[in-house]
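Colleague: I would like to learn how to read an interface, a sheet and a few backbone details from a model. Could you take me through them?

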Amino acid sequence: MKCENKDVVIVGGGPAGLAAAVKLHQLGVRDILVVEREKQPGGILRQCIHDGFGLTRFGETLSGPEYAQRFLSQAQQLGIEIVPDTTVLQVSGDRLVTTASRDGLAQYKAGAVVLAMGCRERTRGALAIPGERPTGVFTAGVAQAYMNLYNTMVGKRVVILGSGDIGLIMARRMTLEGAQVLGVYEIQPYANGLPRNIEQCLNDYHIPLHLSHTVTEIHGNARLTGVTVSAVDERCRPIPGTEERIDCDTLILSVGLLPENELSLDAGVLLDPRTRGAVVDQYMQTSVPGIFAAGNVLHVHDVVDFVSLEAEHLAEGVARYLAEGGLPRCESCVRAGAGVGHVLPHTVSGAEDVTLSLRVRTPMKNCVLEVRQDGRTVKKMKMRKALPAEMIQVPLKAEDLQEGADLEVSVQC
Amino acid sequence: MEPQFDVLVIGGGVVGCAIARELTRTRWKVGLLEKNLDVAYEASGRNSAVLHGGFAYDPGTLKAKLCVEGNAEFDQVAEELDVPFKRTGKVLVGNTPEDMASLRRTLETGRINGARNLEIIDKERLHQLVPSVVGEFALWSPTSGIMDPFLYTVALAENAVQNGARFFFDAEVTAIRREDGIYHLTTKQGEFTSRWVINSAGLGCGKISDMLGIHGYSIRGSKGDYIILDKRVGPLLPMPVYPVPSNTHMGIHVTPTVDGNVTVGPNAEYVDDFDYYGVPATSIESLAESANTLWPCIRREDYIRNYSGILSKWVDADGTIHDFTIEMRPEAPNAVNLIGIESPGLTAALPIARYVINLIRQKADLPENPDFNPRRKGIVRFAEQSDEVKAQLIAQDPNYGELVCRCEKVTRAELLQAIHNPLGVHTMVAVKYRTRCMMGRCQGGYCQMRMAQMIEEELGLQPTDVLYNRPGSHPFTGRVREQ
Amino acid sequence: MLRTYTCIICPNGCEITAKLENGEICDIEGALCPRGKEYVTQELTDPRRNIATSVLLEGGQLPLVSVRLSGPIPKDRIFDVMNAIRPLRLKAPVHVGQVALPNVLGLGVDVLVTKEVAVL
């Protein structure tokens, strides 16, 4: 078996992996290998053909493929080695990366490993929607891939369960291609997708959004023939008597994304049960020294621009780790306080600037975000609104922080 | 007239396939008619996947005798047919003095039936065997095991085909008549003729029996629901864990699969619709609640799928469940009628097949097929090999280096073999069950598009021709842009 | 009259309340940046959207190539433009920015390729 040394092996050539590679190169790290399982790098952006990407990172609005191409072109210009059609079989705790491709198995002994595998969709099985198992039930991303990459139409009369962004995007996409989208049903009393997607994907096409509703049964034993939807109470339990049968041939599920951390677990990386991504310090280093993670494999992002920025920040940590043989210790924990679902990074040094990324638990208006350390307010921000759908970024200055004491972030009305 | 076949088997479940396979040991021309698009679509592929020890059936019954026989020979069978099998043993866990009394009775029944090495074990021993279980003592059956019922049925079918049998799918038998000593069977695929007919139709056995002129069987479907758990919990369960059995039901149990998942189930409920496999929410909750008292490791985030199966039982009006009935009757000469083949039909499939053939021998000469080859090779699974073997596989066939399914690490080479399977079955589920592609935690999120594309390319199909599992199960409605 | 809008210009998705008199905006509230007012003004007079879809590709590594418009078009012309794009065919290779159809329906915007696709 081929075995080579590499300064950095990046697992995944999607937006996180490519941004990390380019930034690492710019920081002087040259011996980089990006392992990509597809023929073409770009990850999920290859199928996200709608526009709206890049406003933060590039100051203009691009489609997904164009956004990915920006980084890919840069990587190619810089001569960064990207091996396509290659799957990582294993990453070990001592950073031995085993890959498989048509050329055979290969192993790379890496100075640092960057985990950038992205996420997968929550499926029907994980939701345990009762009923039969007809065809015509697709997760939104799968439907998107069939339509945008494989030239395959998945249905004509469509119900969407869940108001995640991909589901909203697919409501519009399928409408444009002649399907009839009957409605979007969301179990929570608020939408999970971004407000602008509610506006331009649903409202523009008069597709109704039914909050506090869910699909309670699936009908048909060959192809889907319909679904039963029901209203739910404040604890998300279906309310008897509210059942309504809808005839449809397609059910699209947009009910959440899960970081794809099987390789991370093999490597011994500790995961956060809330994000289901790695526990990281402010340099994006996981619990295993020399293994880093960024992007949707770490926590699910709302906007790809933040994936790129996070990966670029990771690259700085990796470059420093390689140059200095280690990173400053991060011993202050960052905790999610009142109103906060999760917050990253999990630990900070207290001696350097850091940006926290967080999501709130429920929608709030006119609220106050507060970061406290040792009983002292480090930062206070007023916000007109805070939505679970949106990731909130909070930059903290080193001079406001102290070493050794934990931080807590809260968002309250 | 000369009939097309010497014998036609109706039903491509594990028993029908075992009968077809055993019949290819003779020179008879063997055919099998299956109403679904693949073998093992009903009860054979939808159960607990356990090789039973034979202690749960009344002494003297066919269930007891054939189960014990099937259990004893299964190492050799699995080896010949190249199918996964683990003799894990299993425990029936009890807590109360009543449980103990019940387990002692079960043990005694098992001894009479010939089930080997049964013993009652104490709490300490139980926890050595299964540390995560909750219970005071158990009946330990070291000869019980786990297998892949789908692959086992496929292997029997493929071995039958390899030895000359012909299989026909989407061929539900809708009428049978006998003229001049020859049976004529009407199906969607046309009429089939044969000297002998074997009714191995599972849930349809009552209907076929009526068509043969043998009346009076009341066949009921007993539906059981299951939850499948993520492989993450697999290491916590080294063997099937059952509660103390009641008179009619084995009880809700947890079972490791040969692939490392865990199944939870089944409940049992008589149903009239033999075609409905939906799993109600209440079922899912009660299964988890019940099994958690036995094995408290069942968490919602580990659910990856649920499924159900329907057992075919011959039940009297007073609720009595009959033994396996395997008969030749004067109303239907040259026919073997199998009624009420339920659990332990999977374990007993080959002994049942031999029993059927011995019945036929009473009336007909069955010359031996000198060319019969009992061995069949399955698809070599990349994920299960060492790095050295993986490298060799890729060197021999680069398609082994192209991973299509990331969760189960299934390669293009395996998919190609499954798409061009010896039975000529071409549904997505056929490829899925033969390879495990789409069966991992992402449930096809990454791989199903690739699988569909390969099926289209390899078999020259349009998207609208692709079927998922049964007739009418089109996943796709067309192209986005016509070519 | 008060009307509320969800601004679609950036992911912030500001909820904007506009006070209207005789179809004119006299006051605006809720926009985090000046683009909010531009958006509301546009929505009031001539709502426009960009659209993205796919074009059949011959001889490429993918069967389709993604496209979008070089600029927004009137909202009520979206399906007309879809109908104009649907019959298009391109031959691989195609490049980002390549014009698949200039000045679609005379609306002054081009249909642009958004993906690099090599020859099969």
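This is a predicted model: local features need pLDDT of at least 70, side-chain atom pairs count only at pLDDT 80 or more; totals for chains, interfaces and linings use all residues.

Colleague: How is the size of an interface given?

Modeller: The size is often given as the accessible area lost when the parts come together. Here chain B and chain A bury about 4200 Å² between them, and carbon and sulfur atoms hold 51% of that. On the chain B side, B:Met449, B:Thr477 and B:Val480 lose the most area to chain A, together 15% of what that side buries.

Colleague: How many residues does each chain bring to the contact?

Modeller: Chain B brings 55 residues and chain A brings 45 residues.

Colleague: How many polar contacts and salt bridges are there between chain B and chain A?

Modeller: For polar contact, the count is 20 residue pairs, with both residues at pLDDT 80 or more. Five salt bridges are found across the interface. A salt bridge joins the side chains of A:Glu38 and B:Arg450, with 2.3 Å from N to O.

Colleague: Which elements of chain B supply the side that touches chain A?

Modeller: Helix 7 (281–292), strand 18 (303–314), helix 9 (387–396) and helix 12 (448–459) of chain B each supply at least two residues. Helix 12 gives the most, with five residues. Sorted by class, the side of chain B that touches chain A has 24 nonpolar, 15 polar and 16 charged residues.

Colleague: Next, the sheet. How do its strands pair in chain C?

Modeller: In general, strands of a sheet pair through backbone hydrogen bonds, either parallel or antiparallel. In chain C, three strands form an open sheet in the order 1-2-3, with antiparallel pairing. Strand 1 (2–6) and strand 3 (24–29) are the edge strands, and each pairs on one side only. From one strand to the next, the twist averages 30°. Strand 2 (residues 15–21) pairs with strand 3 over five bridges, and C:Thr17 stands opposite C:Glu29 of strand 3.

Colleague: Which peptide bonds are cis in chain B?

Modeller: Among them is the bond from B:Gly265 to B:Pro266, with omega near -5°. B:Pro266 is in the loop between strand 16 (262–265) and strand 17 (269–271) of chain B. The bond from B:Ser343 to B:Pro344 is also cis, with omega near 5°. B:Pro344 lies in the loop between strand 20 (332–339) and helix 8 (345–361) of chain B.

Colleague: And where does B:Asn117 lie?

Modeller: B:Asn117 lies in the loop between helix 3 (97–113) and strand 6 (119–122) of chain B. B:Asn117 is not a glycine, yet its phi is positive, about 60°.

Notes
Residues are numbered from 1 along each chain as its sequence is written. Chains are lettered from A and ligands numbered from 1 in the order in which they are written. Side-chain values use heavy atoms; hydrogens and water are left out. Contact means heavy atoms within 4.5 Å. Buried area is the accessible area (1.4 Å probe) that two parts lose on being put together, summed over both. A salt bridge is a side-chain nitrogen of Lys or Arg within 4 Å of a carboxyl oxygen of Asp or Glu. A polar contact is a pair of N or O atoms within 3.5 Å; within protein, one must be able to donate a hydrogen and the other to accept it, and residues adjacent in sequence count only if both atoms are side-chain atoms. Helices (H or I, at least four residues) and strands (E, at least two) are DSSP runs, numbered from the N terminus. Ala, Val, Leu, Ile, Met, Phe, Trp, Tyr, Cys and Pro count as nonpolar, Asp, Glu, Lys and Arg as charged, and the others, Gly among them, as polar. Two strands pair if DSSP finds at least two bridges between them. Axes are lines fitted to C-alpha atoms, for helices over the stretch in contact, and angles run from 0 to 180 degrees between N-to-C directions.
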